[in-house]
Amino acid sequence: MNYYHMTSLDRLVSISREGLTPRNEENSKLINDTKVKVFFSEGFEGAIALFVDFDIVYNDIKCGKTKLDNKELEDKVKSSKDLSEYLKDGVYLQFDGTDIKNERNFENGCTSEVISPEKLNVCILKDLTSEKVIFSRFEVIKYMMSKIKPEDIHYYGVSYDNSPNFDEATKKIQGKVKRYYSKHFNEIEKYNNYSLEYVPILDFVRKYLKEEK
């Protein structure tokens with residue numbers, strides 16, 4: 001099973017040296033997650049569900065429908081033009097989750113383990129016609145959406161106090177994803193002409209971020 005972790009470009013150099021270490025950063029605080037963990041999603045399905053949920057939370061905060069206890073973070077959301085500006089440039093990291101215990105669910109997965117740099121790859125898209133390479137997280141997630149239908153997404157994970165009913169959670173997630181797909185159909189469709197490749201993070205940093213040796 002491939003696991004995916006979304007991160008900003010300015011963190012890639014440190015991640016290439018230290019790996020993914022348990023943290024609790026702004027994106028977790030935005031959805032009121034207080035756990036200090038390494039966060040990830042399982043497969044395209046989990047990454048899509050999380051991104052759509054994040055988009056909904058962002059827009060609810062921006063329009064004032066949802067209030068945050070963290071006023072500084074709330075102001076940061078409201079002052080940004082859109083989700084792309086708020087998150088800034090970033091990528092999706094991929095790693096093999098075969099030997100990693102997911103402590104939560106397919107969407108908001110987490111572990112207390114450190115994921116070493118040797119296990120991490122950066123997702124890149126290659127245009128099948130021009131061979132142009134892109135790696136923006138906003139384009140990679142649209143590629144994933146071009147490969148997965150909303151009805152293919154099913155909730156699963158461990159059971160815990162107040163965990164949702166799996167069937168009800170599946171219907172809710174599928175509905176949210178369908179609405180997102182409908183709104184962004186033209187953006188998603190164009191990625192049918194791309195292929196997804198995984199580049200080791202050290203190679204990516206050297207080639208695309210031009211880190212000095």
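The model is predicted. A search of the whole structure finds zero disulfides. The salt bridges number eight. Helices α3 and α4 cross at roughly 95°.

**Helices α3 and α4**

- Helix α3 spans residues 43–62, and helix α4 spans residues 71–79.
- Their axes come within 8 Å and cross at roughly 95°.
- That angle makes α3 roughly perpendicular to α4, because angles of 65 to 115 degrees fall in that class.
- On the α3 side, the contact is made by Y58, I61 and K62.
- On the α4 side, the residues are E74, V77 and K78.
- By class, this contact has three nonpolar and three charged residues, and no polar ones.

**A salt-bridge network**

- K71, E74, D75 and K78 are linked in a network of salt bridges.

**Cysteines**

- No disulfide turns up anywhere in the structure.
- C110 is in no disulfide, and the nearest cysteine sulfur, that of C123, is 20 Å away.
- A disulfide would need the two sulfur atoms within 2.5 Å.
- C110 counts as buried, because its relative accessibility is 1% and the cut-off for buried is under 20%.
- C63 counts as exposed, with 59% relative accessibility.

- E197 and K126 form a salt bridge, with their closest N and O atoms 3.7 Å apart.
- The pair links distant parts of the chain, as the two residues are 71 residues apart.
- E197 sits in strand β7, residues 194–200.
- K126 sits in strand β5, residues 121–127.
- E197 is partly exposed, at a relative accessible area of 30%.
- K126 is partly exposed too, at 24%.

- K142 and E187 meet through their side chains in a salt bridge, 2.6 Å from N to O.
- K142 is buried, because its relative accessible area is 10%.
- E187 is partly exposed, with a relative accessible area of 34%.

- R206 forms a salt bridge with D203, and the closest N and O atoms are 3.6 Å apart.
- Both residues lie in helix α9, residues 201–208.
- They are three residues apart, about one turn of the helix.
- R206 is partly exposed, with a relative accessible area of 44%.
- D203 is partly exposed as well, at 40%.

**V52, a buried residue in α3**

- V52 lies in helix α3.
- V52 counts as buried, because its relative accessibility is 2%.
- V52 touches M145, K176, V177 and Y180, leaving aside residues up to four places away in sequence.
- V52 and K176 are 124 residues apart in sequence.
- In space, the C-alpha atoms of V52 and K176 are 7.1 Å apart.

**Loop residues with positive phi**

- E131 has a positive phi of about 65°, although E131 is not a glycine.
- E131 is placed in the loop between β5 and β6, the latter being residues 133–134.
- E131 counts as exposed, because its relative accessibility is 57% and the cut-off for exposed is over 50%.
- N162 has a phi near 70°, again a positive value in a residue other than glycine.
- N162 lies in the loop between α6 and α7, where α7 covers residues 166–183.
- N162 is exposed, with a relative accessible area of 80%.

Key. Residues are numbered from 1 along each chain as its sequence is written. Side-chain values use heavy atoms; hydrogens and water are left out. Axes are lines fitted to C-alpha atoms, for helices over the stretch in contact, and angles run from 0 to 180 degrees between N-to-C directions. Helices (H or I, at least four residues) and strands (E, at least two) are DSSP runs, numbered from the N terminus. Angles under 35 degrees count as roughly parallel, over 145 as roughly antiparallel, 65 to 115 as roughly perpendicular and the rest as oblique. Contact means heavy atoms within 4.5 Å. Ala, Val, Leu, Ile, Met, Phe, Trp, Tyr, Cys and Pro count as nonpolar, Asp, Glu, Lys and Arg as charged, and the others, Gly among them, as polar. Buried means under 20% relative accessible area, exposed over 50%, partly exposed in between (1.4 Å probe, protein chains only). A salt bridge is a side-chain nitrogen of Lys or Arg within 4 Å of a carboxyl oxygen of Asp or Glu.
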